[in-house]
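Open the model in your viewer and keep the selection tool at hand. This tour goes from stop to stop.

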Amino acid sequence: MTTTFPSDTAPPQPPLLAVRGLDVAFPRGAGWLHAVRGVSFDIHRGETLGLVGESGSGKSLTAFGVIGLVPAPGRTTGGAVLLDGRDLAGLSELEWCGVRGRRIGFVFQEPMTALDPVHTVGTQIAEVLAVHGLARGREALERAIALLDDVAMPEPSLAARAYPHQLSGGMRQRAMIAIALAGDPDLLIADEPTTALDVTVQAQILDLLRLLKARRRLALLLITHDLGVVAQMADRVAVMYGGRVVETSGVRELFATPRHPYTRGLLESVPGGSAGARLVAIDGVVPALDAMPAGCAFTPRCGERLARCGDDPPPAFDVGAAHQSRCWLHDAARVDRGLRP
Ligand SMILES: Nc1ncnc2c1ncn2[C@@H]1O[C@H](COP(=O)(O)OP(=O)(O)OP(=O)(O)O)[C@@H](O)[C@H]1O
Ligand code: SF4
Ligand SMILES: [Mg+2]
């Protein structure tokens, strides 16, 4: 007799966030320059997805597309963003208020530009609590101090009365995280949350994110160009290049058996993916948006390119369990002809 465990029969949990074919573009002349092209990924509750790629690969615009804040004149030109299965396209501004800050919190790379310089940190947290109808007045300020304590801010009641310029870089980033968590979101999007910080403070902020994630069962979309951060923090990874996700996989598999030539190049250029390692060591640069090849964006830099690569965009091929790579080298027809996968 076989024993059936509940997990054998329970339907798989739907993703908290499902991004499907997201396209973000800027107007240029009579047409559009596509900065994010057909980006798809899932994030489940309690999971960290590392979105990694060189500068200009489209990471931040992907995040802005998810929260419906693509900077004008850019706009989302295609695809869907589903939160718990609900399509966010077409939400009214009022409905977005119930999503941004409430279901999805975000932390930006440079806290000085994201924090309001003329209000104290405590007031800014209290404002978020009030906007979402969670607390007002004195209670909101008390909860603000408790949130600052949660993010391990030294002297939380003093910090609540401080203006952003009175705090150190690390403390400002903690304040940003407290603001992002004030609405008790299910998903936190952190765009390069440690890039502007020195190495010791970086490690402290990453530890804090890990702790908060476990304590609050948060899902985390962690945007970075630091492979060391990905190795330490992510459960799954999506590698972006030229506006597309070129490889997705579990983090261990990605580091053990990277399949896309771009990912392989990245990992070869930073042995062990050590913390602080930056993605700059592959020859050449990411093509400008108006000079992207019609096919695979990596063609000009790829040592393994095939005749079709420049003109024909490769689809995502399944190359392992929950592992996909967008490269013509995996094409079954080619493998059938005895050529190297
Ligand atoms: N407002 C804008 N107008 C025109 N092009 C833009 C605008 N914002 C971004 N882009 C272009 O879109 C592309 C993707 O930008 P994005 O900011 O998403 O990159 P990123 O991966 O976040 O880079 P970084 O690591 O430097 O933050 C880049 O080529 C960038 O030049
Ligand atoms: S599709 Fe072609 S150019 Fe692109 S990564 Fe694969 S081999 Fe290189
Ligand atoms: Mg960015």
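Start at the ligand. Select Ser60 and ligand 1: an N or O atom in the Ser60 side chain is 2.9 Å from an oxygen atom of ligand 1. On its own, ligand 1 has 640 Å² of accessible area, and the protein covers 64% of it. Keep in mind that this is a predicted model.

A polar atom of the Ser55 side chain lies 2.4 Å from a ligand oxygen atom. Next, pick Gly56. Here a polar backbone atom is 2.8 Å from an oxygen atom of ligand 1.

Now show the whole shell. It holds 13 residues, and Ser55, Gly56, Lys59, Ser60 and Leu61 come nearest to ligand 1. Colour helix H2, residues 59-66: this helix gives three residues, the largest share of the shell. By class, the shell has six polar, four nonpolar and three charged residues.

The whole structure has four cavities of 30 Å³ or more.

Go to the largest cavity, with about 100 Å³ of space. Its lining counts 14 residues; select Pro261, Cys296, Cys302, Cys309 and Cys327, the closest to its centre. Nine residues of this lining are nonpolar, three charged and two polar.

Last stop: the second largest cavity, about 70 Å³. Select its lining: Tyr241, Arg244, Val246, His260, Gly295, Cys296, Ala297, Phe298, Pro314 and Arg326. Six of these residues are nonpolar, two polar and two charged.

Notes:
Residues are numbered from 1 along each chain as its sequence is written. Chains are lettered from A and ligands numbered from 1 in the order in which they are written. This is a predicted model: local features need pLDDT of at least 70, side-chain atom pairs count only at pLDDT 80 or more; totals for chains, interfaces and linings use all residues. Side-chain values use heavy atoms; hydrogens and water are left out. A residue is near a molecule or strand if one of its heavy atoms lies within 4 Å of it. A polar contact is a pair of N or O atoms within 3.5 Å; within protein, one must be able to donate a hydrogen and the other to accept it, and residues adjacent in sequence count only if both atoms are side-chain atoms. Accessible areas come from the Shrake-Rupley method with a 1.4 Å probe; for residues, only the protein chains shown count as cover. Helices (H or I, at least four residues) and strands (E, at least two) are DSSP runs, numbered from the N terminus. Ala, Val, Leu, Ile, Met, Phe, Trp, Tyr, Cys and Pro count as nonpolar, Asp, Glu, Lys and Arg as charged, and the others, Gly among them, as polar. On a 1 Å grid over the protein atoms alone, a cavity is a set of points where a 1.4 Å probe fits but cannot get out, and a pocket is an open set with protein on both sides within 12 Å along at least five of seven lines; lining residues have an atom within 4 Å of a point. Grid points are joined across faces, edges and corners, and a volume is the space filled by probe spheres set on the points.
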